[in-house]
There are 2 protein chains.
Amino acid sequence: MFSKACEYGIKASIFIALKSYQETRVSLKDIAAEINSPEAFTAKILQKLARKHIISSTKGAAGGFEIEKSKISTVKLAQIVDAIDGDSIYNGCGLGLSTCDENHPCPVHDKFLDVREELRRMLETTNLEELALGLKSGVTYLKT
Amino acid sequence: MFSKACEYGIKASIFIALKSYQETRVSLKDIAAEINSPEAFTAKILQKLARKHIISSTKGAAGGFEIEKSKISTVKLAQIVDAIDGDSIYNGCGLGLSTCDENHPCPVHDKFLDVREELRRMLETTNLEELALGLKSGVTYLKT
DNA sequence: ATTAATTCGGATAAAATTATCCGAATTAAT
DNA sequence: ATTAATTCGGATAATTTTATCCGAATTAAT
């Protein structure tokens, strides 16, 4: 459904959010270990998120990644997905047509409407805070 | 959402279904032209669908692909997707965890339930006949 | 100042997906 | 029989995605 990069990006963001609640900046190394992802590849993804100001990074010793506490509840999954994979997953045509709309629909256009709308709604309403809380309370997991 | 291979596979199947209604076997060349796909790559995908008995192929001059008329309304999108991309799109974990269920859910597990269920339902209830009819009546398109 | 811990960014490599090529086999028509 | 139109299947190539490597820059601590 999502690319690997996007999966890593979402998981990393949730973990950073959790740690940021605890006033702890977290290093690339810790993130990669926690979400079970390749370090260098994860670094690229975090850089992308940082450039889009979804997370913030600090260089040097004791540096790392964090999310401004007050911002955690405002960051939506859609922003993360969009920053990494783009919005084609819920805006593009299911069969890859370059133009696919009511006037010129692909054969599955109508069938897909509900699915994509449901996906879009979910991504746009889910924020990092609720996901981080699930993780903190131990009801959800980032690996295995 | 789907792989290119899967997109081609779905489009090709719809076109083959349409032609099969008209008792016409259709060649790889015609299919690729109609759905705007690379010929040789499309051939591989059609072979895969043929081996899974979703479509049938006939070798030699005047050969080509077709779908038994009575079968058209029974072939579901889910079968095509499954034959080409596998079922991970609507059964796998949204964040790529190898085990993700009620007992050990990823952070977005619950959020994704509805989306994936909607997708699964759609793929399992949509059959080739209705898609071919939309194409025949000129309300849907396979390219541009 | 020096050192150690870090992110940054560019180059490269590996793996997966997408795409092409071509000879072999099959079939219909002549 | 020969030819032309086709699918089949294996090899290869191009592209994209995923992953690794490494030197440079930055920062905190000593």
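A residue is near a strand if its C-beta atom, placed from the backbone, lies within 6 Å of it. Keep that cut-off in mind for the DNA sections below. This is a predicted model. Chain A and chain B touch each other, with 34 residues of chain A in contact with 34 residues of chain B. There are 23 residues around DNA strand C and 24 around DNA strand D.

**The fold of chain A**

- Chain A has 7 helices and 2 strands.
- Along the sequence, the pattern of chain A reads α-α-α-β-β-α-α-α-α.
- The C-alpha trace of chain A spans about 55 × 30 × 30 Å along its principal axes.

**How the two chains relate**

- Chain A is superposed on chain B by a rotation of 180°, with 0.0 Å of shift along the axis. The RMSD of that superposition is 0.0 Å.
- That is the relation of a two-fold axis.
- Of the interface residues of chain A, 100% are also interface residues in chain B, so the copies meet through the same surface.

**Where chain A touches chain B**

- The contact involves 34 residues of chain A and 34 residues of chain B.
- On the side of chain A, α1, α6 (109-125) and α7 (128-136) each give two or more residues.
- α6(A) gives the most to this side, with 7 residues.
- By class, the side of chain A that touches chain B has 17 nonpolar, 10 polar and 7 charged residues.

**The surface near DNA strand C**

- Which residues come nearest to DNA strand C? They are A:S57, B:P38, B:A40, B:G60 and B:A61.
- Both chains supply elements here. From chain A, α3 (39-51) and β2 (64-66) each supply at least two residues.
- The largest share, 4 residues, comes from α3(A).
- The residues of this surface divide into 12 nonpolar, 8 polar and 3 charged.

**The surface near DNA strand D**

- The residues that come nearest to DNA strand D are A:P38, A:A40, A:G60, A:A61 and B:L28.
- In chain A, α1 (4-21) and α3 each supply at least two residues of this surface. In chain B, α2 (28-35), α3 and β2 (64-66) each supply at least two.
- Which element gives the most to the surface near DNA strand D? α3(B) does, with 4 residues.
- By class, this surface has 12 nonpolar, 8 polar and 4 charged residues.

- Two packed helices are described by the angle between their axes and the distance between the axes.
- Angles of 65 to 115 degrees count as roughly perpendicular.

**α1(B) with α2(B)**

- These helices pack at an angle of about 115°, and their axes are 10 Å apart.
- That makes α1(B) roughly perpendicular to α2(B).
- The crossing of α1(B) past α2(B) is right-handed.
- α1(B) makes the contact with B:Y8, B:K11, B:A12, B:F15 and B:I16. α2(B) makes it with B:I31, B:E34 and B:I35.
- The residues of this contact divide into 6 nonpolar, no polar and 2 charged.

**α2(B) with α3(B)**

- α2(B) and α3(B) pack at about 110°, with axes 9 Å apart.
- α2(B) and α3(B) are therefore roughly perpendicular to each other.
- Their crossing is right-handed.
- In α2(B), the residues of the contact are B:L28, B:K29, B:I31 and B:A32. They meet B:E39, B:T42, B:A43 and B:L46 in α3(B).
- The residues of this contact divide into 5 nonpolar, 1 polar and 2 charged.
- B:L28 has a part elsewhere too: B:L28 is one of the residues that come nearest to DNA strand D.

**α1(B) with α3(B)**

- At what angle do α1(B) and α3(B) pack? The angle is about 70°, and the axes are 10 Å apart.
- α1(B) and α3(B) are therefore roughly perpendicular to each other.
- α1(B) passes α3(B) in a right-handed crossing.
- From α1(B), B:A5, B:Y8, B:G9, B:A12 and B:S13 take part. From α3(B), B:T42, B:I45, B:L46 and B:L49 meet them.
- By class, this contact has 6 nonpolar, 3 polar and no charged residues.
- B:Y8 and B:A12 also belong to the contact of α1(B) with α2(B). B:T42 and B:L46 also belong to the contact of α2(B) with α3(B).

Terms used:
Residues numbered from 1 in each chain as written. Chains lettered and ligands numbered in written order. Predicted model: local features only at pLDDT ≥ 70, side-chain atom pairs only at ≥ 80, totals over all residues. Nonpolar A, V, L, I, M, F, W, Y, C, P; charged D, E, K, R; others polar. Least-squares fit on C-alpha atoms with pLDDT ≥ 70 in both. Contact = placed C-beta atoms within 7 Å. Axes fitted to C-alpha atoms, helices over the stretch in contact; angles between N-to-C directions. Parallel < 35°, antiparallel > 145°, perpendicular 65-115°, else oblique. Left-handed = near helix turned anticlockwise from the far one by under 90°.
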